[in-house]
Amino acid sequence: MFINRVAFQGKSYWARYEEGQVLLFDRDLQKATRVSLQDVQTLPLLRPGKVVCVGLNYHAHAQELGRSIPREPLLFLKPPSSVVGPGETVWLPAQSENVHYEGELAMVMGRFCRNVPEEEATGHLFGYCCANDVTARDLQERDVQYTRAKGFDTFCPLGPCIQTELDPDRGVGIQTLQNGELRQEGSTSDMVFSPARLISFVSRIMTLVPGDVILTGTPPGVGSLDAGDTISVEIEGIGALQNSVRAEE
């Protein structure tokens, strides 16, 4: 099921669009109310409490960087203020001269979980969406940790919807296109650590709450963004997350 967020009569709902109408769902996606499309307002897809990111989680990406495969997931955080939605602008900060795109599969939590076993982990998911882990590469190489390089406003586009029925373990294709040209291409079958392993691992460090997001790493082919670019992260079974790029004045 493809899910978006809308406002209707002063309240927010998960929703699905159907032929000019909108199905509004309760919190558990069980009961639906059908309303007219003109009566709802589209809301930002997510307002996560935290965005947990995983580095070097694709074998081919580690290989292209000349890095060894990590023994455990490598984690870092992006602030909620970095999140933007589909169609919004990614701003290139004046502090950086080398900002990169990193197309990724994102997991959206649907239930509280703490110390969850791996075999139960995906049962705590709400669904999946596309993400772009935008990174100031020159600042990442300069700093000891990734907070500044990963944390600028607009550095975490998410969208275009949440897919509740994806199975990444079977191999889902991921592509990133820059101005229509293919830059990244990979499959979730190349992940070092599976989605279930990541959820379990993170939950043993910090409590995950509904709406939290985990970015699962990027396939090979990362590269620079330039002002005027259109960047699109496309994931099989979900759709395309497209954002424009502009430079701060």
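## Salt bridges

This predicted model holds 9 salt bridges. One of them joins Arg-34 and Glu-18, at 3.2 Å from N to O. Arg-34 sits in strand 4 (residues 32-36) and Glu-18 in strand 2 (residues 11-18), so the contact ties together parts 16 residues apart in sequence. Arg-34 is partly exposed, at 46% relative accessible area. Glu-18 is partly exposed too, at 25%.

Asp-212 and Lys-50 form another salt bridge, with N and O 2.6 Å apart. Their separation in the chain is 162 residues. Asp-212 lies in the loop between helix 4 (195-203) and strand 17 (213-215). Lys-50 lies in the loop between strand 5 (41-42) and strand 6 (51-55). Both residues are buried.

## A charged network

Salt bridges link Lys-78, Glu-102, Asp-133, Arg-137 and Lys-150 into a network. Within it, Glu-102 meets Lys-150, their closest N and O atoms 3.6 Å apart. Glu-102 is in the loop between strand 10 and strand 11 (103-109), and Lys-150 is in helix 3 (residues 147-150), so the pair connects parts 48 residues apart in sequence. Glu-102 is buried at 6% relative accessibility. Lys-150 is buried at 2%.

Three strands make an open antiparallel sheet, ordered 13-10-18. Strand 13 (135-136) and strand 18 (223-224) are the edges, each pairing on one side only. Strand 10 (residues 99-101) runs antiparallel to strand 18, joined by 2 bridges. His-100 stands opposite Ser-224 of strand 18.

## Aromatic pairs

The count of aromatic pairs is 4. Phe-152 and Phe-155 have ring centres 5.2 Å apart and planes at 55°, so this pair is tilted. Phe-152 is buried at 14% relative accessibility. Phe-155 is buried at 0%.

Conventions: Residues numbered from 1 in each chain as written. Predicted model: local features only at pLDDT ≥ 70, side-chain atom pairs only at ≥ 80, totals over all residues. Heavy atoms only, no water. Phe/Tyr/Trp six-rings, centres within 6.5 Å; stacked < 30°, edge-to-face > 60°. Buried < 20%, exposed > 50% of the residue type's maximum accessible area, 1.4 Å probe, protein only. Pairing = 2+ DSSP bridges. Helix = DSSP H or I, 4+ residues; strand = E, 2+ residues; numbered from the N terminus. Salt bridge = Lys/Arg side-chain N within 4 Å of Asp/Glu carboxyl O.
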